[in-house]
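Here is a short briefing on one structure. It covers aromatic rings and helix packing.

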Amino acid sequence: MDIRRVILATLLSALVLLGFDYFMPQPKPQPAVATQEHADTQASRPPPAAAPGSAAADDGVPARLPIDAVDVSGSVNLRGARLDDLVLRGYHETVKPGSPLVRVLEAQGQPHPTYVEFGWYGQPGQTVRLPDAHSVWKTDAQKLGSNSPVTLSWSNDAGLTFEIVLAIDRDYMFTVTQRVRNATGDQVALVPYSRVVRAYTPEETGGMLVHEGPISVINGRMEEGSYKSLRTNSTAPNFVSWTASGTGGWAGITDKYWLAAVVPDQKSDVSGTYGFDTPAGAYEVGFTGRAPVTVAANGVGESTAHVFAGAKEVRLLERYENELHIPDFWKAVDFGWFAFLTRPVFFVLDWLYQLFGNFGLALLTFTLIVKTLFFPLAAKGFRSAAAMRSVQPKMQAIRERYKSDPVQMNQKVMQLYKEEGVNPASGCLPLLIQAPVFWCLYKDLYVTIEMRHAPFFGWIHDLSAPDPTNLFNLFGLIPWDPTTLSGMLLLGVWPILYGATMFLMQKMNPATVDPAQKQIFMAMPFIFTFFMARQPVGLVIYYCWNNLLTVAQQMVIQRVHRDRPKTTIIPPAKKSRKG
């Protein structure tokens with residue numbers, strides 16, 4: 001295999017991977033249109049998230065109900081019955097000792113308010129007093145724990161009692177059952193709603209490879225919105241930028257590794273919406289029922305939904321998808337357009353991680369397996385490249401002879417390929433087959449949480465972060481951070497090793513005679529070294545290992561090709577004439 005082709009393939013792989021999702025047209029959320037089919041829903045939208053309440057606060061009721069579950073802790077805000085305080089016990093902000101736990105829900109008034117609301121709203125013309133953001137709820141328990149549900153209650157003092165039964169499993173899924181007990185003597189029709197609210201604009205850290213922001217699956221179709229589209233398309237009075245109707249589904253706001261989402265009853269007829277409440281400066285994603293729940297006199301009405309607030313662990317999302325019948329819940333992890341390839345690659349990588357207990361070792365083993373499987377293709381590519389080099393003198397002679405007649409020149413070149421048994425495309429075919437596998441591996445390493453804070457060996461404590469060492473402060477000997485001057489002043493040990501392996505790959509192949517190409521190939525190791533310095537070190541380690549395996553593979557192929565006995569064709573002996 002020509003090493004120049006390998007280097008070019010590496011460059012093209014990175015460019016395709018980084019550019020595909022960026023340049024590929026993404027489906028844009030359509031502006032909300034109030035059709036007759038759901039005009040009533042549009043007309044009687046739930047109150048804005050930050051709307052002032054009318055219920056007086058009861059200072060004798062504790063403000064919060066603690067949450068003490070297996071994988072999460074926090075509290076429920078009894079004023080408004082909001083889920084607005086939740087941290088993940090198994091995830092820290094950084095790998096430093098004492099680093100705070102990751103917070104996925106945060107109350108209004110805090111730096112990053114993100115919370116979940118659920119409730120009821122009335123039909124047009126109704127004057128029923130309903131609980132709102134300032135209503136204070138009573139609780140029948142001291143705390144909410146895994147498999148220990150609690151019931152919140154609130155009365156409008158006019159015959160209606162509202163209840164919310166909250167339960168949480170051992171992971172990140174809440175079950176929310178809303179009930180209405182009607183003692184008014186008259187029938188009441190109410191519409192349930194649930195939504196995720198984010199009252200700030202976050203910094204999107206995933207870049208072009210990972211979607212961050214509003215996301216939903218309704219009617220089997222995934223819609224990914226942007227914060228900008230919500231701000232641009234949401235107008236008064238409804239402040240809705242996009243809506244779709246269907247049966248069940250899910251919707252929420254996603255970050256690179258975390259998700260807050262609401263999941264309606266999968267048999268209910270609902271409308272999903274994205275919106276931006278301009279006066280409150282809040283992004284809202286959620287569902288409202290398309291048909292009211294009718295509560296007869298002296299009867300009880302009920303609506304059940306789920307709330308996910310936690311880490312986007314692939315196998316956990318798939319388990320919820322199967323157990324709760326949530327459509328395409330795994331798509332919360334942005335496997336991209338090539339999910340039919342990236343998901344299987346992830347599962348192989350995750351299986352190796354479970355086997356070795358070290359994500360770095362799993363990564364190296366996976367690369368070795370792929371190299372081994374594709375070794376016959378690589379050997380074929382090398383033989384093709386060697387054959388192409390052997391006919392170069394003849395090709396050059398043809399070009400010189402027929403340079404004034406391009407048609408005749410091409411015909412002679414094709415005739416030469418046929419006579420020599422050379423296929424110029426066969427050398428590129430192995431690279432084209434291998435490239436998607438490594439693109440998918442790169443995507444998996446970048447978007448899945450399983451590599452986050454995963455240690456390797458030595459000074460590498462987080463494979464998802466750049467190499468913490470830096471040549472420009474003598475690898476920590478000088479107590480100074482050069483990146484405060486410029487982000488370019490970052491060059492760790494592993495990126496330097498990566499550049500060295502690229503240089504070694506070039507040395508395995510004779511230098512090109514073209515001066516321009518020679519300068520380009522000489523500069524590539526230095527360019528890639530600085531480019532990879534800011535990438536997750538897990539990717540850098542992967543590419544170093546891949547380069548070393550490529551060099552070893554090249555040496556084996558060259559030796560086999562060199563030692564293979566040459567076939568000598570002995571011409572048939574001439575028959576003697578008998579006189």
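One aromatic cluster is formed by Tyr-442, Tyr-446, Tyr-498, Phe-528, Tyr-542 and Tyr-543. The model is predicted. Across the whole structure, a search finds 23 aromatic pairs.

**Aromatic pair Tyr-257 and Trp-258**

- The ring centres of Tyr-257 and Trp-258 lie 6.1 Å apart.
- Their planes stand at 70°, so the pair is edge-to-face; the cut-off for that class is over 60 degrees.
- Tyr-257 has a relative accessible area of 11%, so Tyr-257 is buried.
- Trp-258 is at 12% relative accessibility and therefore also counts as buried. The cut-off for buried is under 20%.

**Helix packing: α8 and α9**

- Helix α8 spans residues 392–401, and helix α9 spans residues 406–420.
- The two helices pack at an angle of about 160°, and their axes are 9 Å apart.
- That angle makes α8 roughly antiparallel to α9, because angles over 145 degrees fall in that class.
- The crossing of α8 past α9 is right-handed.

**Residues at the α8 and α9 contact**

- From α8, the contact is made by Lys-394, Met-395, Ile-398 and Arg-399.
- From α9, Met-409, Lys-412, Val-413, Leu-416, Tyr-417 and Glu-420 take part.

Definitions and conventions:
Residues are numbered from 1 along each chain as its sequence is written. This is a predicted model: local features need pLDDT of at least 70, side-chain atom pairs count only at pLDDT 80 or more; totals for chains, interfaces and linings use all residues. Side-chain values use heavy atoms; hydrogens and water are left out. Axes are lines fitted to C-alpha atoms, for helices over the stretch in contact, and angles run from 0 to 180 degrees between N-to-C directions. Helices (H or I, at least four residues) and strands (E, at least two) are DSSP runs, numbered from the N terminus. Angles under 35 degrees count as roughly parallel, over 145 as roughly antiparallel, 65 to 115 as roughly perpendicular and the rest as oblique. A crossing is left-handed if the near helix is turned anticlockwise from the far one by less than a right angle, and right-handed if clockwise. Contact means heavy atoms within 4.5 Å. Rings of Phe, Tyr and Trp (its six-membered ring) pair if their centres lie within 6.5 Å; planes under 30 degrees apart count as stacked, over 60 as edge-to-face and the rest as tilted. Buried means under 20% relative accessible area, exposed over 50%, partly exposed in between (1.4 Å probe, protein chains only).
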